[in-house]
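Open the model in your viewer and keep the selection tool at hand. We will go from stop to stop, picking residues and looking around them.

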Amino acid sequence: MRRIFQLLFWFTLAHAWGKQVDIDRPEGKRSYWLYEPKDYQPTKSYPLQVWLHGLTGSHYNAFLFSVTTGAYDSGYLLAVGEGTTSNSSFVEKSVFPLTKLGWNAGECCGVFVDDVGYVKQMVSDVKSKWNVDRSRVFLSGFSNGAMLTERIACETGDTIFSAYASCAGSVMVSPGGNEGLKTCDASFGTSTVSYVHFHGLNDTTVPWGGYEPSKIPSALDNYRGWVQRLGCTEERQTDPSDGVSVKRGDRSAELVRVNDAGHLWWEPNLPKFLFGKFPGVDVTRYVLTFFGNTPNNMNAL
Ligand SMILES: *[C@@H]1O[C@H](CO)[C@@H](O)[C@H](O)[C@H]1NC(C)=O
Ligand SMILES: *[C@@H]1O[C@H](CO)[C@@H](O)[C@H](O)[C@H]1NC(C)=O
């Protein structure tokens, strides 16, 4: 019953002002959805937010989590990706999965196409059709989409994106677990970006403390990996949760621990009867503020 309401909710919210754009990939035709900000003028350049859904999600999730309205209000172009069919046991075991779509983030989640290449092509395509400020391109994602966000952070550093926002995910590059964090160190090199991570203390899907059989490192180990890669040192407590933020100059690595919260991209407009009590961290708005405080990336291609 819950699922049926959820479906209805998504489809009612869909089809607003997004434009579906097709791109050709080795695996076949793929799409992304582009949302222009309020009063978009082609003669003016805009920052770009890219957003990636979780496993069994779809581009509709961007409506559900108000990512579309957040970007619209804040003057960001928004490009929302969509994954391909996953054969993971998680999808197979779901009684009524909303979709079977997921991303190849490395050791997760039953998808074997080149999704790093897909996201790169999506960004180049947006740059060729809309007026993007190349020094202000940001990547964000939820769950499996956060895992792809982290993989792309490891592999492309500051060549495209200025900052990365990961909610309820982790670095999952091969061979996974804490060894995967070392693979990330090696490919990231000396890039300069900012990074923010949100994680529910009571997440049972991608647990805060990690989960060895699925090669998921703990949220703290994953975060410490980014602190080291970014060379951040100066530490401060963040509001409103028990998170921590470390800085190096004007770059930061931030961890927002969300207490008494499970596996979700938290946003105050989500219906309580489906998603439970709002834990007080508005991820959609937090991410936009974080991106807004990130200095321009002069290394971007
Ligand atoms: C999923 O697909 C991959 C690649 O085609 C294959 O290697 C793997 O065995 C499949 N897994 C399952 C559970 O079917
Ligand atoms: C969340 O986890 C913490 C630490 O394990 C525990 O103390 C707390 O009671 C949990 N909260 C809920 C709502 O389950």
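Select T183 and show what surrounds it. Leaving aside neighbours within four places in sequence, T183 is in contact with V173, S174 and P175. This is a predicted model. T183 sits in helix α7, which covers residues 177-188. Is T183 buried or partly exposed? Its relative accessibility is 32%, so T183 counts as partly exposed. T183 and E155 are 28 residues apart along the chain, and their C-alpha atoms are separated by 9.6 Å.

**Into a loop**

Next, select A261. A261 lies in the loop between β12 (251-258) and α9 (272-275). Colour A261 by accessibility. The relative accessible area of A261 is 4%, so this residue is buried. What does A261 touch, not counting residues up to four places away in sequence? Pick G200, L201, N202, D203, W266 and P279 to see these contacts. Then select T204. From A261 to T204 is 57 residues in sequence, but 9.8 Å in space, C-alpha to C-alpha.

**Along helix α10**

Select residues 283-292, which form helix α10. This helix is mostly covered, with 7 of its 10 residues buried. Pick them out: V283, T284, Y286, V287, L288, F290 and F291. An α-helix has 3.6 residues a turn, so residues three or four places apart point the same way.

Now show what the buried residues of α10 pack against. The partners are β3 (46-52), α3, β7 (132-142), β8 (163-167), β9 (194-200) and β12.

Stay in α10 and zoom in on T284. T284 counts as buried because its relative accessibility is 3%, and buried means under 20%. Beyond residues up to four places away in sequence, T284 touches F65, S66, V67, G70, W265, W266 and E267. Keep V67 and G70 selected, as both belong to α3 and return at the next stop.

**Where two helices meet**

Show α3, residues 67-74, together with α10. How do α3 and α10 pack, and at what angle? The angle is about 35°, and the axes are 9 Å apart. The crossing of the two helices is right-handed. On the α3 side, select V67, G70, A71, D73 and S74. On the α10 side, select T284, R285 and L288. Colour this contact by residue type: 3 residues are nonpolar, 3 are polar and 2 are charged.

**The nonpolar cores**

Which residues have the most contacts inside the largest nonpolar core? Select Y32, L48, V50, V119, M122, V126 and F161. That core has 54 residues. Helix α5, residues 115-129, gives the most to it, with 6 residues. Then turn to a second, separate core, which has 34 residues. Among its members are L64, A165, F198 and F290.

**Zoom out**

Finish with the whole protein in view. Count 10 helices and 12 strands. Of the 301 residues, 59% count as buried. Last, draw the contacts between residues at least 6 apart in sequence. Of these, 70% join residues at least 24 apart.

Methods. Residues numbered from 1 in each chain as written. Chains lettered and ligands numbered in written order. Predicted model: local features only at pLDDT ≥ 70, side-chain atom pairs only at ≥ 80, totals over all residues. Heavy atoms only, no water. Axes fitted to C-alpha atoms, helices over the stretch in contact; angles between N-to-C directions. Helix = DSSP H or I, 4+ residues; strand = E, 2+ residues; numbered from the N terminus. Left-handed = near helix turned anticlockwise from the far one by under 90°. Contact = heavy atoms within 4.5 Å. Nonpolar A, V, L, I, M, F, W, Y, C, P; charged D, E, K, R; others polar. Core = buried A, V, L, I, M, F, W, Y, C linked by side-chain atoms within 4.5 Å. Buried < 20%, exposed > 50% of the residue type's maximum accessible area, 1.4 Å probe, protein only.
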